[in-house]
Amino acid sequence: MRRALQAALDRSEIVAAHGLPADMTSPDCVSVYMCGTTYTNEAGGDIIRSPSLDRARALLKEAGYANERIAILQPADSALINPMAMVVIDRLKRAGFNLDVQAGDWSSIAGRWVAREPIDKGGWNLVPVIYTGFDLSDPLSNVGIGYNCTNNQPWGYCVEAMKPVLDAYVAESDPARRKALAAELQRLAIENVTFPMDGQFRSPAVWRAELKGVIDFGFPVMWNIERAK
């Protein structure tokens, strides 16, 4: 089922929903790490390089999917998440998923996201989220790798084959060997669909000309700012 979802995700369509210039998006990136960072690689990338609704439908059939309800939470008030969520919802419906779209504000969804309830008691199957490149750039902080088998996060994946590779990565001090281990972790993450990627983009930042001391960073930094006199 997860592989069917992964096959349906067309990163070009999804990031295009943000309406950003071409140089601010990376739809061709097949790395689970932020592209352009130390551990960027293409291991396992062939699986997701060419998304296909036909392949998604075939994988659903192979999985024995019988049109069961799939609850997806849609953060309708998020200017960053909602555009991509609408494209994801459209593509999954076209692939044959019976989606129960539950729109709401991000604060409410974030509360439901961390709960572990069945879908008939407010739980969920899918929720689109955005993480910064700081989170994604290293195996230990990457949400599709670093929380493997920990059972302390809402997505709850556990890939046994990833355990010894993660241990080896932690113990390894040689940079070249660490890159090789990071690539193997990526291959396992993509193969097991621990955290399917919708695409990577850079979020534009703007501020009023009267402000000084603004720190142009990967997420809003609210200190050091003054209003120019």
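Why are arginine 57 and aspartate 54 separated by about one helical turn? They sit three residues apart in helix 4, so about one turn separates them. Helices are DSSP runs of H or I with at least four residues, strands are E runs of at least two, and both are numbered from the N terminus.

Before moving on, two notes. This is a predicted model, in which local features need pLDDT of at least 70, side-chain atom pairs count only at pLDDT 80 or more, and totals for chains, interfaces and linings use all residues. Residues are numbered from 1 along each chain as its sequence is written, and side-chain values use heavy atoms, with hydrogens and water left out.

**Stop 1: salt bridges**

Stay on arginine 57 and aspartate 54. They form a salt bridge, with the closest N and O atoms 2.6 Å apart. The term requires a side-chain nitrogen of Lys or Arg within 4 Å of a carboxyl oxygen of Asp or Glu. Arginine 57 is partly exposed, at 35% relative accessible area. Aspartate 54 is exposed, at 58%. (Buried is under 20% relative accessible area, exposed is over 50%, and partly exposed is in between, with a 1.4 Å probe and protein chains only.)

The structure holds eleven salt bridges. Next, select glutamate 210. Its side chain meets arginine 208 in a salt bridge of 2.9 Å, N to O. Glutamate 210 also meets arginine 227, at 2.8 Å. Arginine 227 lies in strand 4 (residues 226–227) and glutamate 210 in the loop between helix 9 and strand 3, so this pair ties together parts that are 17 residues apart in sequence. Glutamate 210 is partly exposed, at 26%. Arginine 208 is exposed at 58%, and arginine 227 is exposed at 61%.

Then select Glu42, Asp46 and Arg49. A network of salt bridges links them.

**Stop 2**

Select aspartate 198, in the loop between helix 9 (175–192) and strand 3 (211–212).

Now show the surroundings. Leaving aside neighbours within four places in sequence, aspartate 198 is in contact with Leu9, Arg11, Ile14, Val15, Met84 and Val88. Contact means heavy atoms within 4.5 Å.

**Stop 3: aromatic pairs**

The structure holds six aromatic pairs. Select tyrosine 39 and tyrosine 169. Their rings are edge-to-face, 5.8 Å centre to centre and 75° between the planes. (Rings of Phe, Tyr and Trp, the last by its six-membered ring, pair if their centres lie within 6.5 Å; planes under 30 degrees apart are stacked, over 60 edge-to-face, and the rest tilted.) Tyrosine 39 lies in the loop between helix 2 (11–16) and helix 3 (46–49) and tyrosine 169 in helix 8 (residues 162–171), so the pair ties together parts that are 130 residues apart in sequence. Both tyrosines are buried.

For a second pair, select tyrosine 65 and phenylalanine 97. This one is tilted, 6.2 Å centre to centre with 40° between the planes. Tyrosine 65 is buried at 16% relative accessibility, and phenylalanine 97 is buried at 6%.

Tyr33, Tyr39 and Tyr169 form one aromatic cluster. Arginine 178 lies over the face of tyrosine 169, at 4.0 Å from the ring centre. (A charge sits over a ring if NZ of Lys or CZ of Arg is within 6 Å of the ring centre and within 35 degrees of the ring normal.)

**Stop 4: the cores**

Which residues have the most contacts inside the largest nonpolar core? They are Tyr33, Val127, Ile145, Met162 and Leu185, in a core of 29 residues. (A nonpolar core is a set of buried Ala, Val, Leu, Ile, Met, Phe, Trp, Tyr and Cys residues joined through side-chain atoms within 4.5 Å.) Helix 6 (106–113), helix 8 and helix 9 each give two or more residues to this core. Helix 9 provides the largest share, six residues.

Finish on leucine 185. Beyond its neighbours within four places in sequence, leucine 185 is in contact with residues including Tyr33, Pro139, Ile145 and Tyr169.
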